[in-house]
Amino acid sequence: MGPLTEAARGALAARMADVVGRAHVVSEPSELLVYECDGLTHGRTRPALVVLPGSTAEVAEVVKAARAAGAPIVPRGAGTGLSGGARPVPGCVVVSLARMTRILGVDLENGTVRVEPGVINLDVTRAVAGAGWYYAPDPSSQGVCTIGGNVAENSGGAHCLKYGFTTNHVLAARLVLDDGLVLDVGGTAADAPGYDLLAPLVGSEGMLGIVTEVTLRLLRKPETTRTFLAIFPSSDEAGDAVSQIIAAGILPAAIEMMDSLAIQAAKAATGLDWPEDCALLLMDADGPAPEVEHVHRRASEIARACGARAVQVPRDEAERQLMWKGRKSAFAAVGRISPNYLVEDGVIPRSEIASVLREIGRLAAEAGLRVANVFHAGDGNLHPLVLYDARNPGEEERAAHLGGDILRLCIRVGGSITGEHGVGAEKAAYMAEQFTPEDLDTMMKVRCAFDGGALFNPGKVFPTPRLCGEKPGPYEPHPVERAGLAERW
Amino acid sequence: MSAPRPGSGADGILGVEPRLVFEPAGEAEAREAMQACARDRLRVAFVGGGTDLGLGNPPSGLDAVIRTGRMARVLEHAPHDQIVRVEAGITLSALQAALLPHRQRLALDPPFPARATAGGLLCANGFGPLRTARGSARDLVIGATFIRADGVLAHGGGKVVKNVAGFDLPRLLFGSLGTLGLVTSVNFRLHPLPEEEATLAFPGLSPAAVRGLVGDMRQAQLEPAAVAAIWAGGSLDLLVRFEGFGPGVSGQVERLLAVAGKARASGGRLAPPQAAAAWARQQTAREVGPFRARLAIPPASLEVGTRALGTLLAALPGGAAVWYPTLGLGFAGGAPSGAEAVATAAGDARGALATSGGWLAVNDAPPEVRARLDAWGPAPATLALQRRLKAQLDPEGRLAPGRFVGGI
Ligand SMILES: Cc1cc2nc3c(=O)[nH]c(=O)nc-3n(C[C@H](O)[C@H](O)[C@H](O)COP(=O)(O)OP(=O)(O)OC[C@H]3O[C@@H](n4cnc5c(N)ncnc54)[C@H](O)[C@@H]3O)c2cc1C
């Protein structure tokens with residue numbers, strides 16, 4: 001599929017306008033600008049068109065029209081993705097689901113809600129909070145990102161250690177396939193006979209089809225939440241405390257860690273009177289009151305036993321919110337202590353936190369750069385923020401290089417190159433380091449079952465694009481395996 | 001590789017006997033067996049503990065069986081990370097025994113734990129009442145290795161609980177009944193054993209009362225670990241278990257008693273031996289045969305589900321059934337009064353469930369019942385897509401042919 005000629009682009013725009021209405025087709029170069037990238041802003045591509053359908057039926061027609069014109073489709077939610085998943089590919093039609101924002105039905109008897117894909121994550125909880133329910137997966141971007149994007153990325157958040165990721169909360173989805181066929185997968189009754197088609201769909205980064213409706217599982221709000229902030233001399237003791245708390249049989253609702261550089265940044269942004277030159281753990285326990293009180297006490301004792309200098313308990317909800325604000329602001333706040341920074345996202349086994357942070361520190365020193373760490377410690381999901389100054393020649397490249405080394409470190413200790421931001425355009429190259437060619441070939445076969453013509457989001461996730469039906473070369477063990485250097489797990 | 005041995009009647013799947021049986025002792029041998037099957041274009045099915053071989057249709061033909069019983073090692077247990085990597089043929093009981101010294105468990109409690117294997121738990125969706133709090137194998141699996149029909153070894157997921165790199169192959173294998181590949185190892189998330197647990201029983205409730213009490217429990221923000229309602233001749237004996245730390249468990253017990261009192265449901269906490277017996281009873285209800293079915297409905301339509309249990313049990317004199325009210329899933333089993341009678345009852349139950357968005361599938365049945373009753377029911381609207389998926393991973397249709405939905 002080559003880029004469209006200008007005439008073909010005009011004809012396709014007219015066809016799309018027939019389907020969705022003139023007002024919902026974007027074709028002016030100046031207006032296309034905002035669609036050139038997602039939350040990963042350093043890679044940009046201008047799409048041929050942007051179309052904003054308002055219903056499943058319109059999405060199906062849009063898909064057929066794009067396919068007939070030979071234009072690839074890039075689905076898009078709010079464009080907050082951090083791996084370039086919604087970044088256009090040359091000559092593509094971006095299908096934005098931003099107009100499909102209806103909450104179609106709340107069923108508290110069954111604990112479910114049916115929504116269109118453009119609904120903002122937090123709006124799901126807002127719709128049911130009055131009745132004492134909520135939607136559990138809580139990406140930090142929950143005030144702006146869409147459920148469609150969450151499904152595509154299998155998004156998670158601070159509370160996922162206890163409550164699971166998007167994949168554990170999607171019961172059913174309506175999907176428009178490459179030929180415009182509309183299919184319902186999953187259901188409110190569990191385990192419908194047949195393959196679990198939701199399994200590959202959730203986390204497929206917009207490569208299998210366009211999701212136009214989603215049924216989500218809701219949870220009853222826990223009775224109580226208790227929070228503490230523990231201050232440790234360094235990441236070593238804090239990392240150890242995380243392991244010990246969880247080893248004691250405690251499943252925290254959230255357990256977040258910040259190192260001293262991240263703390264500095266958060267303080268600069270919020271004015272909190274946190275100490276510097278330390279590491280912080282912020283822990284939530286939630287559930288029935290008697291259980292929570294006990295867990296809260298036990299976990300604070302463990303934190304102290306692991307060397308916490310102090311354990312602070314918020315006096316009231318306002319103070320609790322302030323502590324969380326400090327944590328949540330840390331990402332953006334890093335902008336206050338560095339002109340530029342890269343956000344990495346990798347996963348390591350929880351027991352390796354202290355050693356991996358030390359190794360990251362060593363790699364950073366070697367590169368002559370600083371790395372701030374603020375992350376979901378309970379599930380070992382690191383978010384190293386690599387600080388740099390783009391005005392200094394070569395520094396951006398060094399930062400990117402360091403980011404890559406950190407991902408490799410994650411793979412080496414048995415982890416993953418992404419815990420929540422997805423592979424997208426950004427990390428496709430690293431997939432070949434985490435997975436064998438055979439693993440990737442198998443994933444590609446799944447892709448081909450859904451989307452044989454690679455219509456949706458081509459070029460993402462997979463390091464080397466391959467056409468469906470194309471024969472891969474003979475199978476060989478991965479060179480590193482052959483050399484006995486690595487096992488896959 | 002150890003040479004395959006000739007198959008016997010005991011190796012058959014639903015009466016279909018293989019010519020050859022492979023019993024690989026590890027991944028390398030399993031791969032050689034799969035490559036041998038690919039080379040000779042053998043139709044092959046996989047057997048773990050054999051506890052769910054009755055699920056689905058008999059194979060349309062079978063040349064070979066690969067048994068996973070000799071692939072039964074714990075490959076890696078990282079207690080601090082609460083994960084385990086096991087070969088597919090390890091039984092649940094053996095795995096739990098290996099985890100016990102670390103006071104951890106795989107939070108699955110299906111029937112036949114002494115025979116059910118890790119691979120089977122994933123591919124046949126083995127679960128029990130603990131699914132209320134901890135989910136199914138789908139929620140606990142974090143990685144898997146399997147061998148495709150063409151003999152290629154593939155991995156998906158990994159060893160960490162949070163991981164979104166690549167398509168989710170491990171969950172795709174969930175419930176796939178060996179039609180997509182031979183699972184050789186599975187990585188699971190583990191949970192600590194609870195410090196304390198308490199079981200409460202509320203016998204003789206009507207289905208509406210069970211639904212009411214489970215709703216009240218949720219309203220009261222109680223968080224039970226396991227819930228099961230055992231069929232007791234038209235009424236239901238409700239079991240609820242709390243797990244956690246001492247104060248949390250006793251606090252929740254008191255609260256549930258108060259909630260139940262208000263709802264006029266009489267019952268109380270069981271002493272440990274009685275509790276063990278009660279949970280064993282719900283497990284037995286799932287083990288009786290030779291006919292067994294599983295049923296599902298959106299949880300709030302509980303009465304539609306329990307009525308369907310009643311319909312089935314009318315054709316299974318002396319049979320047993322259990323309903324999981326929080327999950328919307330139930331099981332019924334027993335000896336058919338007649339093949340025609342049970343097939344008709346299952347058809348009726350299936351129809352009633354379908355009108356409320358539910359389904360019925362056959363877990364096991366004697367041949368004369370199978371002749372009259374489709375194991376899966378009407379083909380789903382997604383069948384064409386499911387067939388494409390199968391064709392991608394097993395283009396010659398050699399893996400457990402005909403066993404799955406729509407003849408896949
Ligand atoms: C400040 C900030 C904080 C963040 N914090 C977190 C976090 O804590 N956890 C986390 O997991 N992520 C986080 N993210 C990343 C991002 O918000 C999530 O990945 C989110 O799910 C993306 O949603 P979106 O609507 O913006 O999707 P987009 O970015 O528009 O798209 C993401 C992917 O989804 C596909 N897609 C979108 N809609 C559909 C659809 N209807 N059908 C098919 N495919 C579709 C796109 O093609 C693309 O591949 C954060 C981002 C920012 C900017």
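## Helices 1 and 3 of chain A

In this predicted model, helix 1 (residues 6-20) of chain A packs against helix 3 (residues 56-69) of chain A at an angle of about 165°, and their axes are 9 Å apart. Angles over 145 degrees count as roughly antiparallel, and helix 1 and helix 3 of chain A are therefore described as roughly antiparallel to each other. The crossing in which helix 1 of chain A passes helix 3 of chain A is right-handed.

The residues that meet across this pair can be named on each side. Helix 1 of chain A contributes Leu12(A), Arg15(A), Met16(A), Val19(A) and Val20(A), while helix 3 of chain A contributes Glu58(A), Glu61(A), Val62(A), Ala65(A), Ala66(A) and Ala69(A).

## Helices 12 and 13 of chain A

Another packed pair is formed by helix 12 (residues 353-367) and helix 13 (residues 395-412) of chain A, whose axes come within 10 Å and cross at roughly 155°. Helix 12 and helix 13 of chain A are therefore also roughly antiparallel to each other, and helix 12 of chain A passes helix 13 of chain A in a right-handed crossing.

On the side of helix 12 of chain A, the residues that take part are Val356(A), Glu359(A), Ile360(A), Leu363(A), Ala364(A) and Ala367(A), and they meet Arg398(A), Leu402(A), Asp405(A), Ile406(A), Leu409(A) and Arg412(A) of helix 13 of chain A.

Helix 10 of chain A runs over residues 289-305, and its 17 residues reach 24 Å from the first C-alpha to the last, close to the 24 Å expected at 1.5 Å a residue. Its buried residues are Glu291(A), Val292(A), His294(A), Val295(A), His296(A), Ala299(A), Ser300(A), Ile302(A) and Ala303(A). The cover over these buried residues includes elements of both chains: from chain A there are strand 12 (224-232), helix 8 (235-247), strand 14 (279-287) and strand 15 (310-312), and from chain B there are strand 14 (235-244) and helix 8 (246-262). Just after helix 10 of chain A, Gly307(A) takes a positive phi of about 110°.

Helix 15 of chain A covers residues 437-450, and its 14 residues should span 20 Å at 1.5 Å a residue, which agrees with end C-alpha atoms that are 20 Å apart. Helix 15 of chain A is mostly covered, since 13 of its 14 residues are buried.

Ser96(A) is found in strand 4 (residues 93-96) of chain A, and it counts as buried because its relative accessibility is 2%. Ser96(A) and Val74(A) are 22 residues apart in sequence, whereas their C-alpha atoms are 8.4 Å apart in space. When neighbours within four places in sequence are left aside, the contacts of Ser96(A) are Val50(A), Val51(A), Leu52(A), Pro53(A), Arg76(A) and Gly77(A).

Leu183(A) has its place in strand 9 (residues 182-186) of chain A, and at 6% relative accessibility it likewise counts as buried. The C-alpha atoms of Leu183(A) and Val211(A) are separated by 9.6 Å, although the two residues are 28 places apart along the chain. Beyond its neighbours within four places in sequence, Leu183(A) is in contact with Ala173(A), Arg174(A), Leu175(A) and Leu177(A), and also with Ala381(B), Thr382(B) and Leu385(B) of the other chain.

## Backbone features in loops of chain B

Most residues other than glycine have a negative phi, and most peptide bonds are trans. Leu14(B), which is not a glycine, has a positive phi of about 50°; this residue lies in the loop between strand 1 (5-6) and strand 2 (20-22) of chain B, and at 26% relative accessibility Leu14(B) counts as partly exposed. Arg41(B), also not a glycine, has a positive phi of about 50°; its loop joins helix 1 (27-39) and strand 3 (44-47) of chain B, and at 58% relative accessibility Arg41(B) counts as exposed.

The peptide bond from Gly289(B) to Pro290(B) is cis, with omega near 5°, and Pro290(B) lies in the loop between helix 9 (272-284) and strand 16 (291-296) of chain B.

## Confidence in chain A

The mean pLDDT of chain A is 93, and 96% of its residues reach 70 or more. However, pLDDT stays under 50 over residues 474-481 of chain A, for which the model has 17 contacts beyond four places in sequence. It also stays under 50 over residues 484-489 of chain A, where the model has 23 such contacts. Where pLDDT is low, the predicted coordinates should not be read in detail.

Conventions: Residues are numbered from 1 along each chain as its sequence is written. Chains are lettered from A and ligands numbered from 1 in the order in which they are written. This is a predicted model: local features need pLDDT of at least 70, side-chain atom pairs count only at pLDDT 80 or more; totals for chains, interfaces and linings use all residues. Side-chain values use heavy atoms; hydrogens and water are left out. Helices (H or I, at least four residues) and strands (E, at least two) are DSSP runs, numbered from the N terminus. The expected span of a helix is 1.5 Å times one less than its number of residues. Buried means under 20% relative accessible area, exposed over 50%, partly exposed in between (1.4 Å probe, protein chains only). Contact means heavy atoms within 4.5 Å. pLDDT is the predictor's confidence in each residue, from 0 to 100. Axes are lines fitted to C-alpha atoms, for helices over the stretch in contact, and angles run from 0 to 180 degrees between N-to-C directions. Angles under 35 degrees count as roughly parallel, over 145 as roughly antiparallel, 65 to 115 as roughly perpendicular and the rest as oblique. A crossing is left-handed if the near helix is turned anticlockwise from the far one by less than a right angle, and right-handed if clockwise.
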